[in-house]
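Have the model open and follow along.

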Amino acid sequence: MPFRLLVPFGLLCALLPLHHGAPGPDGTAPDPAHYRERVKAMFYHAYDSYLENAFPYDELRPLTCDGHDTWGSFSLTLIDALDTLLILGNVSEFQRVVEVLQDNVDFDIDVNASVFETNIRVVGGLLSAHLLSKRAGVEVEAGWPCSGPLLRMAEEAARKLLPAFQTPTGMPYGTVNLLHGVNPGETPVTCTAGIGTFIVEFATLSSLTGDPVFEDVARVALMRLWESRSDIGLVGNHIDVLTGKWVAQDAGIGAGVDSYFEYLVKGAILLQDKKLMAMFLEYNKAIRNYTRFDDWYLWVQMYKGTVSMPVFQSLEAYWPGLQTLIGDIDNAMRTFLNYYTVWKQFGGLPEFYNIPQGYTVEKREGYPLRPELIESAMYLYRATGDPTLLELGRDAVESIEKISKVECGFATIKDLRDHKLDNRMESFFLAETVKYLYLLFDPTNFIHNNGSTFDAVITPYGECILGAGGYIFNTEAHPIDPAALHCCRRLKEEQWEVEDLMREFYSLKRNRSRFQKKTMSSGPWEPPTGPGTLSSPENYDRAREKKPTKQKIPLLSCPSQPFTSKLALLGQVFLDSS
């Protein structure tokens, strides 16, 4: 199906008391200014508790007021919260944390780390903070955004992940040791999302550093998954990265698969890549045909399409936001309202919800303060302005404060039925949940910029435009400025121009030699053609295959973009319904 690019439009309900700003008897929507301040207070209660009780550990344990390392040993909550600080307007703390991270975070450590989590939280968080540094008043070095300390940290972290991609299939292992690479006994079984959730961060890194290896491995992993889909167009949940055989054959849109679909769409927008969007649209057809029932999405057997699990998982609540990004607003709203009824029933989304029974699934009753439903509400509200979406934001604030708030932060809800708590505050609470809540209630935030303001930056490769809007959130809600990917590409273009000149030079030499052969008895001069030489035909062919489409770039200007690309900078991808 063709697509086009458009500029978008710039529970406990009964149990909790209505606060100032909540809808009154006349049905007025929640007051955004009131809830912005409430959300900001939530952030600082959690953030200050982490600094006082848990730093430099990864995460806060709010019930015992201490910290622990979870996904590595990176002071993870600090990295995850950094861009949220700027979105809330706290430039001084942003600047302080940038210095702290440079002084304290070391990736050269003997730690087994999740490849997926390190990418989305650490690499994504550092890239986002790097690109936002100038806005935050950080004194950036010459060459920014093509250089900088946070970019170097992101690159160092990403390089620690590259050994995981050295498999026969190109699909990565799920865990890597940051000091030694992949452990000899590491399991080759990785979830689908753990393979297909790299293109946003790795393509950004390649564009900023000029090293194509990151984008290359991310694309290979995406393509291997695409080639592994079943005859009915579905992918399973876990796959063996050595053999390419599916180990778990449940197909759905939730846990273990979710961000693979998300990154096909966001990668397509970020990179203006129609092939990635076409891949997602093909998946979307199969998902509608086999997994959708009454605007719910079930789990089915990937080869047969028969229902295997009639459950809704809280991680699936990102889907209406993804539907919004491709312009499928009506379906997005219907599915969102289904999920919202579950929130109203429990005051949060249980990890698993049995759709036929209308209740939680045993041992999956918890709510770790996940952001996905709030994320979808933000996207839908930007597209529609429907006040129902603000009501979800209101309910989320009231529920989380009522159930989860403790003296040292906010605790994971272990069981939504009796509100028992667990001793953990995930870093994504500050990276995603609070951020999306704040952006839902802050329509004039710089993140929502419609292109009316921007910053012109001179780089070693020319002038580029930053901060014009159209930010792409990675799956940990770290915003990436898509314009930044065009700031550091001159070096690649010049490399191809040099090779073209050399090719033209040798072509002239050959023509002159042929002419001389006709007029002289001596044989023609030819350049060396052995393997590894510049004129080796196989090297020409290989270069041509890898060579990107060139654009002629005038000095001190951004790369010329087609009209649709300029629109994409301000908006998102929408389907052509005509």
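## Disulfides and a helix

Counting the bonded cysteines along the protein chain, the disulfides follow the pattern 1-3, 2-6, 4-5. Keep in mind that this is a predicted model. The count is three disulfides, and here they are:

| Pair | S to S distance |
|---|---|
| Cys-65 and Cys-408 | 2.0 Å |
| Cys-146 and Cys-488 | 2.0 Å |
| Cys-464 and Cys-487 | 2.1 Å |

Start with Cys-65 and Cys-408, a right-handed link with 95° about the S-S bond. Cys-65 sits in the loop between strand 2 and strand 3, and Cys-408 in the loop between strand 17 and strand 18, so the pair ties together parts that are 343 residues apart in sequence. Cys-65 is partly exposed at 26% relative accessibility, while Cys-408 is buried at 6%.

Next come Cys-146 and Cys-488. The torsion about their S-S bond is about -95°, so this disulfide is left-handed. The pair ties together parts that are 342 residues apart in sequence, and both cysteines are buried.

For Cys-464 and Cys-487, the torsion is about 95°, so the link is right-handed. Cys-464 is in strand 22 and Cys-487 is in the loop between strand 24 and helix 16, so the parts tied together are 23 residues apart in sequence.

Now for helix 14. Its 18 residues should span 26 Å at 1.5 Å a residue, and the end C-alpha atoms are 25 Å apart, which agrees. Of those residues, 13 are buried, so helix 14 is largely enclosed by the rest of the structure. At its start, a side-chain oxygen of Asp-386 comes to within 2.9 Å of the backbone nitrogen of Thr-388.

Conventions. Residues are numbered from 1 along each chain as its sequence is written. This is a predicted model: local features need pLDDT of at least 70, side-chain atom pairs count only at pLDDT 80 or more; totals for chains, interfaces and linings use all residues. Side-chain values use heavy atoms; hydrogens and water are left out. Helices (H or I, at least four residues) and strands (E, at least two) are DSSP runs, numbered from the N terminus. The expected span of a helix is 1.5 Å times one less than its number of residues. Buried means under 20% relative accessible area, exposed over 50%, partly exposed in between (1.4 Å probe, protein chains only). A polar contact is a pair of N or O atoms within 3.5 Å; within protein, one must be able to donate a hydrogen and the other to accept it, and residues adjacent in sequence count only if both atoms are side-chain atoms. A disulfide is a pair of cysteine sulfur atoms within 2.5 Å.
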